[in-house]
Amino acid sequence: MNVSAISAPPPLLEVRGLEKSFPGVRALSGVSFSVAAGEIHALLGENGAGKSTLIKIVSGVFSQNAGEILIDGVEQNFHSPEDARRAGVATIYQELLLFPELTVAENIFMGHAPRRLAGRLDWREMRERAERLLESLEIHDLAADRVVGALSVGNRQRVEILRALSYDARLLIMDEPTAALTEPDVVRLFKIVRLLKARGVGIIYISHRLDEIFTLADRVTVLRDGAYVGTRDVARTDPGELVQMMVGRTIENLFPKVEAPIGAPVLEVADLVRRPTTRGVSLSVRSGEIVGLAGLVGSGRSELAQAIFGVTPAESGAIRIAGEPVVIRSPGQARDLGIAYVPEDRGTQGLVRPMSVLQNFSLAALGSLSRFGFIDRAAERRLAETGVAQLSVKTSSLEQVAGRLSGGNQQKIVLGKWLANNPRLLILDEPTRGIDVGAKAEIHRIMGDLARQGVAILLISSELPEVLGMSDRVLVMREGRFVAEFARAEATPEAVGAAMMGGSGTLRGAAA
Amino acid sequence: MTSLAAAPPERRVPRWLARHETLLAAVLIVALAILGALNNRFLTLDNLLNQGRLMTEVGLIALPMTFVIITGGIDLSVGSVVGLCAIALGYSWKNLGFPLPAAIAFAIALGAICGFINGFFITRVKVPPLIMTIATLALYRGFAEGISQAHSVRGYPEWFYFMGQGELFGVPTQLWLLVAAIVIAGVALDRTTFGRSLYAIGANETAARFSGLPVDRIKLVVYTLSGLMAGVSAYVLVSRVTTTRSDMGIGYELDVIAAVVLGGTSIFGGSGTIWGTVVGLVMIQLLKDGLALTGVKGDATIVVIGTVLIASTLLASSLQKRRDVGG
Amino acid sequence: MSAIAMETRAAPRASLLRRLSSQEVLLAIAIVVLALVVGAINPRFLATRNLSDILLGNAYVAVAAIGMSMVIISGNIDISVGALIGVLATISGSMAVAGYSIALAWLVPVLVGIAVMALQGAVIAYLRIPAIVVTLGMLSILKGGLISVTGGKWITDLPDSFHLADIELFDILPMPVLIMVGATILAALWMRYTAQGRAIYATGGNPEAARLCGISPQVTVVMVFALHGLFAGIAALLFATQLKVIQSTVPPNLELTIITAAVVGGVSILGGVGTVIGSTLAAILIAEIASALVFVSISPYWIRAVQGGLILLTVVADIVRRQRRVAGDSR
């Protein structure tokens with residue numbers, strides 16, 4: 001029986017059953033949701049949940065393995081970003097893709113500039129159109145002929161938005177747009193977003209910041225481990241429910257915290273400064289203690305770790321290891337002091353992908369594995385075999401090329417490489433990002449074991465539940481400074497989240 | 001994200017057989033046979049030893065060049081360093097009155113300094129190796145020409161020619177030097193932490209740094225070695241041709257890089273062996289010799305070398321792509 | 001149009017002048033200052049004959065530097081251009097002597113230049129072989145090929161009409177200078193104001209972003225090398241037609257001089273930045289320095305050292321400037 005006499009117009013964007021796999025990794029497994037014209041639709045999920053893969057598919061950078069994309073109810077087949085642009089989809093990535101040597105107008109129209117005869121650019125037309133675009137977004141303080149390289153980050157982002165609009169975008173995707181903005185710029189961005197919404201542009205807004213989602217968005221979709229969890233009306237949900245959807249279990253079950261005896265301080269940092277990202281940080285980590293370092297993307301946690309580890313040495317401030325003052329100018333020095341750092345980006349910073357599992361395992365311990373400079377191959381092999389066994393690394397052989405392993409196993413190798421040195425301080429930077437739940441649990445178990453053996457652990461993580469579940473103490477960084485400390489008992493998601501976001505940080509805001 | 005188990009398909013061909021170096025060695029043997037058949041003077045011991053003598057100058061430089069290219073860099077200034085060191089040798093002896101052994105040591109040390117300067121700017125100032133060594137290619141050659149004013153130096157004492165023209169137990173002197181250098185370089189690359197670090201730096205410099213490897217120091221060392229060997233090569237060269245001229249070493253960079261790339265070292269860094277470089281070196285020398293014996297003049301051989309360079313890079317690149325995609 | 005929005009803009013040419021970076025101004029000042037200083041030491045340096053010799057005799061370097069600048073801006077390099085010019089000059093002279101029409105003797109080398117360079121560009125762009133390897137190989141092929149085919153034979157008895165470089169338009173404007181200035185201005189305008197010209201900057205500055213804007217880096221690179229070949233061909237003509245005898249050899253040091261002109265002219269070796277006006281000025285400056293060495297009794301054998309030093313100085317200054325800008329950007 002025909003139910004509706006009047007059918008509602010199809011949504012601006014609808015994705016159905018999207019699936020995408022890369023070698024060794026299933027990035028999306030059946031994601032469906034829709035965005036209406038004039039809707040601000042937030043996309044939420046932990047790092048590695050599949051958000052960036054999803055938007056790359058919708059913007060035509062990747063093609064999906066299965067599933068459909070529909071614009072206005074019509075199925076689309078995007079083979080390139082050009083196709084998506086022509087269909088009215090525009091994306092603003094976190095890494096702004098601008099040409100710093102060219103002007104605002106040139107950047108806006110790069111690739112589709114108005115032309116005259118014989119390919120000559122129509123300068124005047126381009127400038128006029130740029131001015132009209134600026135006007136339409138009520139931007140009065142940006143000139144079309146300014147060189148982009150001289151603009152602030154906030155202004156550059158506006159140039160990107162204008163570029164999207166120059167293609168008559170009807171669906172605008174914004175990936176963590178406020179990650180690098182100052183407060184006034186955020187206010188201006190919100191104004192523009194609301195203007196666009198009023199004009200009927202659909203917006204997919206990806207952000208970690210729950211307060212922004214509650215201020216700006218109409219609906220929010222949550223992804224977890226590449227799967228679709230659910231969509232909620234922002235007005236009818238709350239942060240707790242969203243966090244639960246992101247994580248999947250209650251905190252207690254996921255991160256069994258094992259008690260470890262806590263000893264003397266291994267790391268003490270006082271007023272560490274390295275401009276522009278680290279602005280006077282002091283903290284300490286004791287033997288057997290797991291200190292969690294929470295903060296938003298861009299709060300300077302990795303930079304702090306890299307300053308301690310000597311990759312980008314500190315400009316001023318004091319570091320003491322086991323009570324001894326030290327000056328750390330290189331990672332080699334840090335390693336010799338018993339510090340280990342498992343970096344954030346395992347592909348480019350942690351692992352040498354073309355090398356074998358065996359060679360990656362020994363990379364940080366070559367000094368101790370060699371005599372007069374000659375590598376003791378037998379000892380190297382024993383080290384790798386032990387590491388593979390202890391960390392349960394799944395590999396066909398030690399000669400297997402490391403880059404072919406799954407994310408979780410790669411991460412274990414990076415960890416194992418450092419454990420080979422028996423460090424007394426272990427700094428973990430997003431150790432479980434982008435790996436499957438099983439490997440995650442194993443890494444947490446290993447962390448617990450290490451703590452019980454007396455290793456001091458500094459855990460940097462953007463997954464609040466992980467930080468809250470694993471840490472004895474939680475420190476919060478914001479904009480390069482250390483702003484709050486919570487003992488395990490006091491560390492609740494609301495309190496920590498509020499400290500991360502700053503201000504009174506009401507997570508419950510009326511939707512605009 | 002759920003992960004798939006990573007289990008590569010079983011290899012049907014043993015890995016060592018499909019390696020670039022083995023294939024090249026096979027081609028080498030075939031080439032030897034063909035050239036030997038075409039010209040009966042070719043496969044005589046005399047001729048082969050002489051070829052060994054001739055290839056030492058390029059060979060000595062090709063060894064540290066292998067290191068440099070493995071780390072993902074390049075050194076185009078080696079030919080100019082040879083020229084400058086040759087001039088330094090001649091002029092410090094003839095015009096400055098150094099005792100000849102001191103002049104030799106000075107020339108070699110100068111080579112190391114030239115290499116060190118390259119390495120310094122590349123690691124501390126972060127000048128890209130390509131443009132840095134193009135600049136020093138000009139600068140060092142310029143100094144050679146400026147100091148010598150295109151005059152040559154002659155008249156070295158008899159003992160001086162032993163390195164370049166003499167024999168030890170029936171084998172040309174410099175060949176012993178080359179063989180020793182090959183062994184040392186090969187062992188260093190394959191079995192020491194230094195060698196392992198080179199591969200890591202070339203494959204992923206950032207990860208190497210994050211793993212505590214002293215990346216800048218190692219790069220400085222390889223560029224210094226490159227200059228040092230160019231200095232030694234200059235000594236061998238002058239000793240062989242009995243004069244010092246400012247145009248010595250011109251074009252060496254082509255032969256050296258061709259030998260390294262032909263031998264299987266990827267121009268992009270991260271892989272390569274000394275053994276491969278040696279095979280590449282021998283092949284190029286034989287190519288030149290074979291061409292000469294069939295009447296092709298010296299200048300034309302660089303046409304062939306240039307073609308070989310491009311072709312072997314092409315081949316290596318497509319083999320690499322297949323290796324990445326397949327099992 | 002909002003009144004606050006921006007200043008009214010003058011015609012495009014004026015804006016080009018306004019956009020001239022400090023590097024070009026620096027070079028212009030250096031040219032003048034050097035002339036005055038050397039002239040003070042040896043007044044014969046400032047004789048009209050000498051100054052015109054410097055300009056006319058080296059105009060071809062500036063023309064070739066235009067193409068080289070484009071190549072470097074696109075993020076590549078070429079060291080084969082010197083050998084190519086030698087080959088093209090020989091082709092031109094040989095054709096003239098062999099009785100072909102002068103027009104052909106001028107046209108064919110240019111076409112060959114375009115073809116050879118475009119081929120290299122294609123290998124670089126589509127086969128992904130690094131530019132240094134391809135052009136190093138090609139340099140040897142051209143150099144060796146030239147010697148083995150001609151044996152270094154000198155080409156004499158060139159017909160009078162061959163000498164393009166000696167022609168003076170309207171009896172006052174010498175061809176080489178006319179071509180140099182004309183080519184520079186045309187190329188500068190083209191790079192600044194057409195979409196294809198902009199594509200070169202985009203490809204060199206941020207190839208990923210360029211691709212996402214619909215620009216094909218591969219097509220751009222082939223186009224750049226083809227243009228490079230065009231300018232190399234014209235340069236070869238200017239070079240060959242000012243000689244009474246063509247030596248069928250590769251002019252020594254030529255590619256280095258051309259690269260020096262491009263780099264010192266402000267083209268950043270990191271890609272994406274620079275103008276051809278700078279490289280022309282730099283070419284003039286280098287020629288001036290070479291002549292100056294003679295007039296102040298410094299041996300001309302030092303010219304290569306000077307070039308190497310100039311490249312090093314310019315590149316280091318560029319890198320340091322960039323690093324300082326990055327540090328200054330930080331909030």
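**View 1. Strand S16 of chain A has buried residues on both sides.** In S16(A), residues 339-342, A:Ile339 and A:Tyr341 point one way while A:Ala340 and A:Val342 point the other way, and all of them are buried. Buried here means that 20 or more other C-beta atoms lie within 10 Å of a residue's own; exposed means 12 or fewer, partly exposed is in between, and the C-beta atoms are placed from the backbone. In a regular strand, side chains alternate between the two faces of the sheet. S16(A) pairs with strand S19 (residues 425-429) of chain A in the parallel sense, over four bridges. Look for A:Val342, whose bridge partner in S19(A) is A:Leu428. Strands count as paired if DSSP finds at least two bridges between them, and the elements themselves are DSSP runs numbered from the N terminus: helices (H or I) of at least four residues and strands (E) of at least two.

A quick word on what you're looking at: this is a predicted model, where local features need pLDDT of at least 70 and side-chain atom pairs count only at pLDDT 80 or more, while totals for chains, interfaces and linings use all residues. Residues are numbered from 1 along each chain as its sequence is written, with chains lettered from A and ligands numbered from 1 in the order in which they are written.

**View 2. A:Leu137 sits in a loop of chain A.** The loop runs between helix H4 (123-136) and helix H5 (153-166) of chain A. Is A:Leu137 buried or partly exposed? It's partly exposed, with 18 other C-beta atoms within 10 Å. Leaving out residues up to four places away in sequence, A:Leu137 touches A:Ile192 and A:Leu195; touching means C-beta atoms, placed from the backbone, within 7 Å. A:Leu137 and A:Ile192 are 55 residues apart in sequence, yet 6.3 Å apart in space, C-alpha to C-alpha.

**View 3. Helices H3 and H5 of chain B cross.** The axes of H3(B) (residues 78-94) and H5(B) (residues 129-148) come within 8 Å and cross at roughly 25 degrees. That makes the two helices roughly parallel: under 35 degrees is roughly parallel, over 145 roughly antiparallel, 65 to 115 roughly perpendicular, and the rest oblique. Axes are lines fitted to C-alpha atoms, for helices over the stretch in contact, and angles run from 0 to 180 degrees between N-to-C directions. Among the residues that meet are B:Leu84, B:Ile87 and B:Tyr91 from H3(B), and B:Tyr140, B:Phe143 and B:Ala144 from H5(B). By class, the contact has nine nonpolar, four polar and one charged residue. Nonpolar covers Ala, Val, Leu, Ile, Met, Phe, Trp, Tyr, Cys and Pro; charged covers Asp, Glu, Lys and Arg; the others, Gly among them, are polar.

**View 4. Helices H4 and H10 of chain B also cross.** Here the axes of H4(B) (residues 100-123) and H10(B) (residues 215-241) come within 7 Å and cross at roughly 150 degrees. The pair is therefore roughly antiparallel. Their contact has 18 nonpolar, nine polar and two charged residues.

View 5. H8(B), residues 193-203, is mostly covered, with 10 of its 11 residues buried. Among them are B:Arg196, B:Leu198 and B:Tyr199. The contact between the chains takes 26 residues from chain B and 41 from chain A. On chain B's side, H8(B) gives the most, with six residues.

Conventions: Contact = placed C-beta atoms within 7 Å.
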